[in-house]
Amino acid sequence: MKKRVLVPLFAALVATGGCGWFSGAKSTKKENIAAPKELVELTPTLSVKEVWSRNIGKGAGKSGIRVKPTLADGKLYTAGVDGDVRAFDAASGREIWKKNVDFRLAGGPGVAGDVLVVGGLDGDVIAFDAHSGAERWKARVSAEVVAAPAVGQGTVFVRCNDGRVYALDAGDGKQRWIYDRATVPLLSLRGTGAPVIVGDAVLSGSDAGRLVALRTSDGAAIWEQSLTTGEGRTELERLSDIDGDLAVDGDVVYAAAYRGQVAALSASNGRQIWTRALSSYTNIGVSASQVYAVDADSAVWALDRTSGSSMWKQDALEHRWLSGAAVQGDYVVVGDLEGYVHWLSISDGKIAARERLSKKAIQATPVVMGDLVIVEDIDGKVGAYRAAP
């Protein structure tokens, strides 16, 4: 069984025993954890108001997983670790339906059309009708699923913690193919990035810092590209996961690796367009002209989309163990370890607004629907905020 390492939010680097739920967790000494920067008084330049908030079941807690809500066709889908799956009207927060399954959820939800899929900590995968919540099928994969499945082309693509990628029939859950040639190191960060469908390929990041494109029809590898050297004397020094979700715009995919690089690659052939040395374990945000990454110390970077050169860096939130970056119009949105949500101007990185959802950490990347930003904390509280100049 491979070992997992939690992100620095709760214990700097905390080793956990393989695919289990906190088995054998041991914290490092508290003095090794960098203190988060204190927030300074802010004069907002952006008006932000809470529209609604809800509790959606048990959240991720201290597990290190980053389950986030999913938006589709004006609906918000959530999955609680306790097995609650819910659909809301995203604009009003009105609950449309709720279902409970008898296993612990951690991956998802993933949705496309009328198919909604979630994964579990014991390798369970379950599909629902996205409109009614009616259960369609259940399947079992080889290890826990802590990233949202990708749904498309009549197929559900599931990335497991043991490095395998499964293709399941979206209609009945039967296995179509399995990719099991990923290199899985003995030690890695807690979590995995979600697979993403691009044309006739599904892209997935590995715990060894490699990005692979698989043919959706049969799982054959089309190309593979490394975002890290994997160098170091110890397993800890060689940590090099791609844990954040990939960002795709046309034929360009943006990815980041812990102790590695942020890179722009051709989705069709894996050719590197540019790379930038920057360690990150969270999601990448993309606007019309820039790419946004949160580094391992929680500084927020803006990089030029065409060259990867630095446009600005905001370090006022260092060691606040930020979520991934989401783009909302002219702003980048991140959550932090104390439940605050921050809006940064994409022009210069200055903090334009701040709201507090709760006193619990926000690990999951915010999701954006027009002028609404929706965030979820580790206790399972979800809040929607409307931003206006």
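Select Pro109, which sits in strand E8 (residues 105–112); strands here are DSSP runs of at least two residues labelled E, helices are H or I runs of at least four, and both are numbered from the N terminus. Look at the peptide bond from Gly108 to Pro109: it is cis, with omega near 5 degrees.

Before moving on, some ground rules. This is a predicted model, in which local features need pLDDT of at least 70 and side-chain atom pairs count only at pLDDT 80 or more, while totals for chains, interfaces and linings use all residues. Residues are numbered from 1 along each chain as its sequence is written, and side-chain values use heavy atoms, with hydrogens and water left out.

Now zoom out to the whole chain. Of the 389 residues, 58% are buried (under 20% relative accessible area; exposed is over 50%, partly exposed in between, using a 1.4 Å probe and protein chains only).

**Next stop: the core.** Select Val117, Val125, Trp137, Val156, Val158, Cys160 and Leu168, the residues with the most contacts inside the largest nonpolar core, which has 16 residues. Strands E9 (115–120), E10 (124–129), E11 (135–140), E13 (155–159) and E14 (165–169) each supply at least two residues of this core. A nonpolar core here is a set of buried Ala, Val, Leu, Ile, Met, Phe, Trp, Tyr and Cys residues joined through side-chain atoms within 4.5 Å.

Centre on Val156. Leaving aside neighbours within four places in sequence, its contacts (heavy atoms within 4.5 Å) include Val117, Trp137, Pro149, Tyr166 and Leu168.

**On to a hairpin.** Show E27 (residues 300–304) and E28 (residues 310–314), which pair in the antiparallel sense over four bridges; pairing takes at least two DSSP bridges between the strands. Pick Trp301 and you'll find its bridge partner, Lys313, in E28. Five residues lie between the two strands of this hairpin, and Gly308 in the turn has a positive phi of about 85 degrees.

Step back to Ser298, in the loop between strand E26 (290–294) and E27. Ser298 isn't glycine, yet its phi is positive, near 70 degrees. Is Ser298 buried or exposed? Ser298 is buried, with a relative accessible area of 1%.

Then jump to His319, in the loop between E28 and strand E29 (326–328). Here phi is near 60 degrees, again a positive value in a residue other than glycine. His319 is buried, with a relative accessible area of 17%.
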